[in-house]
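Colleague: Hi! Could you walk me through this model in plain words?
Modeller: Happy to, here is what we will be looking at.
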Amino acid sequence: MIKKIYILIIIAFLTNSTFGQFVGKDNLSISLFYMQKSELDSAKKYIDLSIQDDALKSLSKTWYYRGFIYKELYKINDKENKTSALRLTAIESFTKLLSFEVDSNEFSESAIKMLNYLATTLYNDAARSLDPDNYKTAILIFEYYRNTMQMVNPTIDLKLQDAKFKLALASMLNRPAETEQGLDSIQTKQIAKLYKEVIDLDPNNPVANYNLAILYYNEAADIINNMDYDMDIEKLNEVQDHCVEIFLQALPYAKKSYELKYKLKETLIALSNIYYGLNDMEKSDFYKKELELLELEDLEKKKEDLEKEK
Amino acid sequence: MKKIALILVTLLTFSTGFKLTGDGVDTNSKMKAIFIMNFTKLVEWPQSYREGNFVVGVVGESPLYLELSKMAKTKKVANQTLEIKKFVSSDDISKCHILYVSQKSGEEISTIIKHIKTNSTLIVTEQQGLIDKGAGINFIIKDNRQKFELNKKNVEKYKLKVSSNLEALAFSVK
């Protein structure tokens, strides 16, 4: 019995010595105390309690410090985690802060700076996740990036970033096209949709126009290549109709690429082949001849350069 | 943001693979080869032609020769081995079941017909008007699609029988 009393006294003593200094203080103050001591886990614990307190959660500084603590924890412990919940909580907290009267908010300027920083980390992680195994995560992170940027500046124009990201995503998804594996129709549709979205954002984007033309051309060429020689004429006519439709889809994008003089030689091959697929031999030959002339010019230029070197 | 720029540039410089017609598939020839395979089934040759190799001759330069050669590696006509022959000029023409006359051959159809003599040969051409000048089947382009015209008389005069199916599938029948 005496032993138990001693133990209780010791516990009471320890409790008082650790927390005695916080008597009468709110959770936000305790959190700030730990934050100043760089004890971020404890700071996090008390800042989370603060937002459950009706009085504290209406203060902009509560959300500012919550954002700051979570941002610091993310930087120190979780930076390699592309889907870090700490980062998202930091963004959520700063966002909440900005929902208060922004103009008069003494923390808003600093919060915006930190949101910009966090948005940049999101953009970087979205780009780093652009691989066949993680691209869905990349899409998700990029969406977080967009939302964050729009929170910082509701009138921001993200067209350029959207176009770049979609283009990079489409190019990554298109990789199997260069291998034996090729693309199935679902992949082709998914990639075509992305390129079209890029073109909607940036109609003169040469890469998207060129790649979309090639994507469609390859789709039709693959269908024809895989046709069985025993296919009956009725079925053959159906396949022809389908392929003509695809070649026609390729055409405007190849023409745009030509207009933009992007990868001119490859574009000329594309145009010649698309018209060949459309059985328009006159136009196919026209672009073929232009390519031959271009190659001849290149050859002449190389000869001249060699002569100069001599 | 510098890092992101680098990552995106790397991705963007990635070029999409382009399948050259010469390297991959000649879309026009593949279609024609399938049509020709169908002709072997929808035209009936005399009994004496149902033994030995089934010969398809190509007069003049044409990418179709390569496509037909590719087809011959895997396909047969009934139980006859498919053999593809290339004839540089009409003088080289020997007995064959189907004779494809390339537009680039530069040969007059009348000269070709002289060389066929009395053989049971289906003459296939790809030039406007030749269906009226002796060709049995002439490939034409309609609305960007490969189609064929049929001249029954020109087929039957070589003791060949045209199936009603082939007639039904032709763009026009004479």
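Modeller: Let's begin with a definition: a salt bridge is a side-chain nitrogen of Lys or Arg within 4 Å of a carboxyl oxygen of Asp or Glu. This is a predicted model, where local features need pLDDT of at least 70 and side-chain atom pairs count only at pLDDT 80 or more, while totals for chains, interfaces and linings use all residues; side-chain values use heavy atoms, leaving out hydrogens and water. Residues are numbered from 1 along each chain as its sequence is written, and chains are lettered from A and ligands numbered from 1 in the order in which they are written.
Colleague: Thanks! How many salt bridges are there over all chains?
Modeller: A search of the whole structure gives 23.
Colleague: Why would such side chains pair up at all?
Modeller: Side chains of opposite charge can pair when their charged atoms come close.
Colleague: Nice. Where do Arg66(A) and Glu92(A) lie?
Modeller: These two side chains form a salt bridge at 3.4 Å, N to O. Arg66(A) is in helix H4 (residues 60–77) of chain A and Glu92(A) is in helix H5 (residues 85–99) of chain A, so the pair ties together parts 26 residues apart in sequence. Helices here are DSSP runs of H or I with at least four residues, strands are runs of E with at least two, and both are numbered from the N terminus.
Colleague: Is Arg66(A) buried or exposed?
Modeller: Arg66(A) counts as buried, at 8% relative accessibility, whereas Glu92(A) is partly exposed at 46%. Buried means under 20% relative accessible area, exposed over 50%, and partly exposed in between, with a 1.4 Å probe and protein chains only.
Colleague: What about Asp125(A) and Arg128(A), how far apart are they in helix H6?
Modeller: They are three residues apart in helix H6 (residues 108–128) of chain A, which means a separation of about one helical turn. Asp125(A) is buried at 4% relative accessibility, and Arg128(A) is partly exposed at 36%.
Colleague: Switching topic: what is the secondary structure of chain B?
Modeller: Chain B has six helices and 10 strands. Of its 174 residues, 52% count as buried.
Colleague: And which residues are linked in a network of salt bridges?
Modeller: That network links Asp228(A), Asp230(A), Lys41(B) and Lys75(B).
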